[in-house]
Amino acid sequence: MSKRSAEHDEQDSGDQPTPATHPRTAPRRARRRIDPAGDTLHSASDLPRQPKPTEDAPAVTPKDSSSQPPAEPHNDTQQTKALPGSHAAPRQQATLITAPLHDSFEDEASARAKARDRAVVGSPVAAAIMQVVLAILAPLVILIGVIRLIASPIFLWFQYHRPGFAADQFGMDTEQRMTYGSYGLDYLFNFAPQNYLADLTFANGNPVFTEAEVSHMADVKQVMFITNIAGLVAAVVCIVLMILLYRMRKGAIARSVFSGAVWFTVAMIILAIVAAFGWEAFFAGFHQIFFADGTWTFSTTDTLIRLYPGQFWVDAAAWIAGLTLAIMVTIMVCTAPTGRRRHRNEQAQRFMESQVVVERPGTDHPAANRTTGP
């Protein structure tokens, strides 16, 4: 080694102490990392401190720019700003949608409510038709019920025991007439075959009813069966119409049954006058409507005439007409359209119609279409 090199080394070693005897105490500078894309990546100490999160403004946590961009705050009044040194464009402020969203459940509920309200009020034409049908069917149902009441062993017992009723000319006593007469009435309303009457015999072994009589009773049974079924169907229809009219028109039921009682009373009076002036012709004409000629005429010695003589049918017709007219008069008295009843029904009808859902023009939201009355 040369002398100059030795002196130079000695001078350098004298100026700077070695790390073993003199450690470095100066603070280290913060290092900066460079993103390959060209953006400067800041350390945690270089980032500005964010205020503590509150209920109105949630905290924003800074993230490394190499990962996903920071999420936007929920507060619509604040705007997300880019970090210092970043080349990313600032985000635009989010727009709050204030228009109401389409709710299918609300629309369906509103539609069902409207349908119910329209069904309650209904159309005036439908209500008028139902009133007419009720006015026609209600008196007929009452008439069929009265006929069924008269065609019973109770009325038969009353006839055989009442004073003035003609006795049997051929020796049949009241007990025998009651027994065989009850068989005939029971056969009309049960499901027994014709043998129910054909097998009956007197004490001497002779049949109570002839073949022609049994055949006629079978025809009467068929007519009564059809009449009873028609009466039951009409009664069900009347009940349904009453329920609908009760919900649609206040006082419609009373007006319908009143009108029915009026027209049926007039018809019964006319028929009573015709029967009073010509009972034989009226009785024959009635049978000709339901039975074939020659199947309903019998001799005075036949059992049907002995059990059910002409006086029996006159009394039965009088009782049917009397009870029916009494019911019709009661209905007319209870449902007469007086001024007080009309006023009360009009008030009730207006109140019911005021509760109906109506759609206001220019209103789009279904919930705003409901109006309530006073």
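The model is predicted, so local features need pLDDT of at least 70 and side-chain atom pairs count only at pLDDT 80 or more, while totals for chains, interfaces and linings use all residues. Residues are numbered from 1 along each chain as its sequence is written, and side-chain values use heavy atoms, with hydrogens and water left out.

Select Val 208 to begin, which sits in the loop between helix H6 (195–198) and helix H7 (211–248); helices here are DSSP runs of H or I with at least four residues, numbered from the N terminus. Val 208 has a relative accessible area of 1% and is buried, a word that stands for under 20% relative accessible area with a 1.4 Å probe, protein chains only. Leaving aside neighbours within four places in sequence, the contacts of Val 208 include Tyr 180, Leu 200 and Thr 303, where contact means heavy atoms within 4.5 Å.

Select Phe 209 next, which is among the residues with the most contacts inside the largest nonpolar core, a set of 36 residues. Such a core consists of buried Ala, Val, Leu, Ile, Met, Phe, Trp, Tyr and Cys residues joined through side-chain atoms within 4.5 Å. Its largest share, six residues, comes from helix H11.

Finally, select Thr 303, which is found in helix H10 and is buried at 4% relative accessibility. Not counting residues up to four places away in sequence, Thr 303 touches Phe 202, Val 208, Phe 209 and Glu 213.

Note on methods
Helix = DSSP H or I, 4+ residues; strand = E, 2+ residues; numbered from the N terminus. Buried < 20%, exposed > 50% of the residue type's maximum accessible area, 1.4 Å probe, protein only.
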